[in-house]
Amino acid sequence: MAGLQLPPAEIAVHPTEGAPQHEFYLMCDDLAAQLGELRARGVEITRPVSEQRWGRLTAVRLPSGAELPLYEPRHPVAHSL
């Protein structure tokens, strides 16, 4: 898959008033193209694409049944995707 690459990676840390939590997202440079590739391979898209202040967000179903969020950033990234 051309759109998902590691390393390099980025981390974001945000303050919270509630209990500590973590989330793991994979970034891609073209979410629409990436979703097309994943659908062609039979991957279930579990959330419609939503427009966030920081990027376009969706999620896919993993073989375990868990969801893995994907997003296309709208913010400057630390490296070239």
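1. To begin with burial: a residue is called buried under 20% relative accessible area, exposed over 50% and partly exposed in between, computed with a 1.4 Å probe on protein chains only. By that rule Arg-61, at 33% relative accessibility, is partly exposed, and Glu-44, at 43%, is partly exposed as well.

2. A word on the ground rules, as this is a predicted model: local features need pLDDT of at least 70, side-chain atom pairs count only at pLDDT 80 or more, and totals for chains, interfaces and linings use all residues. Residues are numbered from 1 along each chain as its sequence is written, and side-chain values use heavy atoms, with hydrogens and water left out.

3. Now the charged pairs. The whole structure holds 5 salt bridges, each being a side-chain nitrogen of Lys or Arg within 4 Å of a carboxyl oxygen of Asp or Glu. One of them joins Glu-44 to Arg-61, with the closest N and O atoms 3.4 Å apart. Glu-44 sits in the loop between helix H1 (31–40) and strand E2 (45–51), while Arg-61 belongs to strand E3 (residues 55–61), 17 residues apart. Helices (H or I, at least four residues) and strands (E, at least two) are DSSP runs, numbered from the N terminus.

4. Arg-47 and Glu-67 form another salt bridge, at 2.9 Å from N to O. This pair links strand E2, which holds Arg-47, to strand E4 (residues 67–73), which holds Glu-67, across 20 residues. Arg-47 is partly exposed at 31%, and Glu-67 is partly exposed at 34%.

5. Please look at Arg-56 too, which has a salt bridge to Glu-72 with the closest N and O atoms 3.6 Å apart. Arg-56 is in strand E3 and Glu-72 in strand E4, so the bridge ties together parts 16 residues apart in sequence. Through shared partners, salt bridges join Glu-51, Arg-56, Glu-72 and Arg-74 into one network. Arg-56 itself is partly exposed, at 23% relative accessible area.

6. Thr-58, also a residue of strand E3, is buried at 0% relative accessibility. A polar atom of its side chain lies 2.5 Å from the backbone oxygen of Arg-47. Beyond neighbours within four places in sequence, Thr-58 has contacts (heavy atoms within 4.5 Å) that include Leu-31, Leu-35, Val-49, Leu-68 and Leu-70.

7. The largest nonpolar core has 8 residues: Leu-26, Cys-28, Leu-31, Leu-35, Leu-38, Val-60, Leu-68 and Leu-70. Such a core is a set of buried Ala, Val, Leu, Ile, Met, Phe, Trp, Tyr and Cys residues joined through side-chain atoms within 4.5 Å. H1 and E4 each supply at least two of its residues, and H1 gives the largest share, 3 residues. Among the contacts of Leu-31 outside its sequence neighbourhood are Val-49, Arg-56, Thr-58 and Leu-70.

8. Finally, the rings. There are 3 aromatic pairs in the whole structure; rings of Phe, Tyr and Trp (its six-membered ring) pair if their centres lie within 6.5 Å, with planes under 30 degrees apart counted as stacked, over 60 as edge-to-face and the rest as tilted. Tyr-25 and Trp-54 have ring centres 6.0 Å apart and planes at 80°, so they are edge-to-face. Trp-54 is partly exposed at 29%, and its pair with Tyr-71 is edge-to-face, at 5.0 Å centre to centre and 80° between the planes. Tyr-71 is buried at 10%.

Note on methods
Polar contact = N/O pair within 3.5 Å; in protein donor to acceptor, adjacent residues only side chain to side chain.
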